[in-house]
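Colleague: I would like to go through some of the labels used for this model. Please set each one against its cut-offs.

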Amino acid sequence: MLGWTAPLLLLVVGVVVGLSLGAVSLSFREVIDGLFTRDAGAAHTIVWDLRLPRVLIALLVGACLAASGALLQGVTRNPLADPHILGLTAGGGLAAAFSLRVWPDLPQHLVAPIAFGGAVAGAAMVYGMSWRGGVSPLRLALAGVAVASFLTAGTTMVLVTSTLRTQAALSWLAGGLFGRGWNDLEVMAPYAGIGLAGALLMSGRMNILSLGDDAAQSLGLALERSRLAVIGVAALLAGAAVSVAGLVAFVGLVTPHVARAVTGDDHRKLIPLSAILGASLVLYSDTLARTLEAPVEIPLGVITAAVGAPFLMYLIRSKT
Amino acid sequence: MKLHRFFAVSIVVFLAGALLLGACGGDDDDDEGGGVTATPTAAPSKAPSASTEYPVTLTDMLGRQVTIEAAPATVAALSPTTVEFVYAVGATSVTRSKSVAYPEEALTAEDIGPSYQPNLELVASKNPDLIIADAMLQPQLAGDLGALGIPVLYVGVGTWEDVATGLDLVGQALDKQAAAEAAAGELERVRSEIEAQLPDTGPKVLILNGTPDDFYSAKPESYVGALSEILGVTNLAAGAPDVGQFPGYTKLGLESIVADAPDVILAISAGPPGGQTITDALSADPAWATVPAVKNGRVHEISAELYLQAPGPRAADGLTELAGLYYPEVYGQ
């Protein structure tokens, strides 16, 4: 249980810090008032309407990306797999970019389901490309990389051919939580909730899958159906995250490795711990993104990469 | 084999998508280009300098209905154009975006970051009664701003006429109608004074924006192009399709520019101050040497602030400067 106290504490501290810091400096008293009293004026708007939903969204985005990464690394048995590299977020990004390009006045609440559909379509492309009477983990990983570069190229194409106004509408694609509020939380929460629950349900099966195809089959696991289910849940999680946060790199890749270093390969522990650590990573990164250069925001992906990459390097060096 | 077929199909889908993008490039840009096309709210026949009776409901320049309950004591403007509107009607803003440079008094207002990503915490911390957002730069923020529970009025400038519409809206919203009408009247006075002396034929003009290596030409649909249309010039970029990020701009090849022989070239150079400008580059490049504008020294650098970043109440300054550059013999320099 010791392995859980520290990550949970980190998360709680992150929430407190995230609510307390911002471009406007508020005393602790004002933060509490803003949180619990409606007539606290600007403090209420700042803490309740601006900071709290953003903190909650950061938690969910991080949890979704990390859980998705843990699932994908397990199912492909490839340590480099993550929703970004395997084309899931790229599919979501392209779908959203394309719709905004064709229909610049697209209401924000429709962007989320479209991005989600794109993530699922990306997953279907990866799965379809690697199917040859069955998918092998290696083909899955390679097809993922191919589909991801293909879809990313499409997104770049949409971006360079659009006007400044469309580009502004697409700025969330670069990764970040600027301007995210309660509406966005409402849109993403169901997808995220179902996805995270699905990931937990899948964790027992993940342990069997990670033994290798022969062993899993001899234990009576329906290999293809399980793989499809895992990829489906991973796509759901990636779609939920990309729909509000755009393309946030590194979280899905790094966090499962950190979790594995703490808890080992048992997916029943690995997946929830990945989700908790991912939530913390995105929350701390977003707090930095908001405050470091305030009032200018730093793109979230820059921070997650800057925090995540050295940590991964450290893990690689210390384990081998 | 299935894999090959799948791959082929996805490539076809991809290319079809790219073609579709190219095809719809034309029409969605058209409605982005020509300024803010909302109908002006101001009833033209209203009594001069009426004062605003609150609550007042205005149709802003995104076509939204905005109700303001009482005369706003604190106003937060979020872009260079909107800040200038507020000061032009004699009010003050508690916020400004990073790039605001005019008027000087506005520099003491809280810097809320870049116009495309204003920091909403800082806006909320000022407890404004009214937010004035930019209809050209910030329409995508409508949802986020609405969440603050403060009325949001959108104004923006893409054409000469938009300036009067914006002044009128801001004047009504802030109960500064007399000042707004005076400012709009001054604009019209300057314009008719210039128009009274306008020669029958104008020069062939090219207005460039960008870096020396990569520049775009302003069409009549851009703001600087719209001001130039008033002055009766022949804009060599007219009728070309929109190209590049900025609506109302296109890209003309060097060959067609040389063939069209512009009499005047104006340039808005991007990049660090003190760096090489488009004007420098044109004068040094032998390919441009035969162009009349270059030969006769009629290549001029114009202000990015006045013509690109902060179109708005200073439109008359812009019009006067352009008139001088296009017709130095009539309007002097």
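Colleague: What does A:Leu312 touch, residues up to four places away in sequence not counted?

Modeller: A:Leu312 touches A:Val254 and A:His257; contact means that the C-beta atoms, placed from the backbone, lie within 7 Å. This is a predicted model, in which local features need pLDDT of at least 70 and side-chain atom pairs count only at pLDDT 80 or more, while totals for chains, interfaces and linings use all residues. Residues are numbered from 1 along each chain as its sequence is written, and chains are lettered from A and ligands numbered from 1 in the order in which they are written.

Colleague: Why is A:Leu312 called partly exposed?

Modeller: A residue is buried with 20 or more other C-beta atoms within 10 Å of its own, exposed with 12 or fewer, and partly exposed in between. A:Leu312 has 15, so it is partly exposed. The residue sits in helix H13 (residues 300-319) of chain A; helices are DSSP runs of H or I, at least four residues, and strands are runs of E, at least two, numbered from the N terminus.

Colleague: How many residues of chain B are there, and what share is buried?

Modeller: Chain B has 333 residues, and 46% of them are buried.

Colleague: What is the angle between H6 and H12 of chain B?

Modeller: Helix H6 (residues 177-196) and helix H12 (residues 315-326) of chain B pack at about 15 degrees, with axes 9 Å apart. Axes are lines fitted to C-alpha atoms, for helices over the stretch in contact, and angles run from 0 to 180 degrees between N-to-C directions.

Colleague: In which order do the three strands of the open sheet in chain B run?

Modeller: The order is S3-S6-S7, with parallel pairing. Two strands pair if DSSP finds at least two bridges between them.

Colleague: How do you know that S6 and S7 of chain B pair?

Modeller: Strand S6 (residues 130-134) of chain B and S7(B) share four bridges in the parallel sense, and the requirement is at least two, so they pair. B:Ile131 has B:Val152 in S7(B) as its bridge partner.

Colleague: What makes S3 and S7 of chain B edge strands?

Modeller: Strand S3 (75-77) and strand S7 (152-155) of chain B each pair on one side only.

Methods. Contact = placed C-beta atoms within 7 Å.
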